[in-house]
Amino acid sequence: MSRPSELKYRGVTAFQRRIGNPILRRLAIQTLLETTGRTSGLPRRTPVGGRRVGNSFWLVSEFGERSQYVRNIKADPRVRVRIRGRWHIGTAHLLPDDDPIARLRTLPRYNSAAVRVLGSGLLTVRVDLEE
């Protein structure tokens, strides 16, 4: 990874970890992805933007496989997603062959714009929800 990309990654993740995520996790309307920590085994909740389409929830990881929640999904794909205040159990799938830029066009604009600007190494994630 180039130096500017590395600096952007460190800056964005530091902000998210210390300020953004703690605030957003408290908002009832915020969509959350809950993974199981790959080392600790504890639940890890991450605010995400995405869209439910049928029995699937789609999102794009802004830092691809460097994102902590993506690393957790690789270790254990069983996740929960809170959509509009309701929790759904599902199985996450990493889709490296999907076009994340095209996928972002189908997701909510505000989050998609932030992912495009702040992200690098984008990765599409699909969560198949159980009903």
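View 1. His93 stands opposite Arg126 in β7, in a predicted model where local features need pLDDT of at least 70 and side-chain atom pairs count only at pLDDT 80 or more, while totals for chains, interfaces and linings use all residues. Residues are numbered from 1 along each chain as its sequence is written, and side-chain values use heavy atoms, with hydrogens and water left out. Strand β6 (residues 86–95) pairs with β7 in the antiparallel sense over 6 bridges, where pairing requires that DSSP finds at least two bridges between the strands; strands (E, at least two residues) and helices (H or I, at least four) are DSSP runs numbered from the N terminus.

**View 2. Phe57 and Val127 between β4 and β7.** Strands β4 and β7 run antiparallel and are joined by 6 bridges, with Phe57 standing opposite Val127 in β7. Not counting residues up to four places away in sequence, Val127 touches Asn55, Ser56, Phe57, Val79, Val81, Gly90, Thr91 and Ala92, contact being taken as heavy atoms within 4.5 Å.

**View 3. The largest nonpolar core.** This core has 15 residues, of which Leu33, Phe57, Tyr69, Ile73, Val81 and Val127 touch the most other members; a nonpolar core is a set of buried Ala, Val, Leu, Ile, Met, Phe, Trp, Tyr and Cys residues joined through side-chain atoms within 4.5 Å. Two or more residues come from each of β4 (56–61), α2 (68–75), β5 (78–83) and β7, and β7 gives the most, with 4 residues. Apart from this core lies another, of 5 residues, among them Trp58, Leu95, Leu104 and Leu107.

**View 4. Thr124 in β7.** Thr124 lies in strand β7 (residues 123–129), a strand that is mostly covered, with 5 of its 7 residues buried. Thr124 counts as buried because its relative accessibility is 0%, buried meaning under 20% relative accessible area, exposed over 50% and partly exposed in between (1.4 Å probe, protein chains only). The side chains of Thr124 and Asp98 are joined by a polar contact of 2.9 Å, that is, a pair of N or O atoms within 3.5 Å, of which, within protein, one must be able to donate a hydrogen and the other to accept it, residues adjacent in sequence counting only if both atoms are side-chain atoms.

**View 5. Arg84 in the loop between β5 and β6.** Although Arg84 is not a glycine, this residue has a positive phi of about 50 degrees. Arg84 is exposed, with a relative accessible area of 78%.
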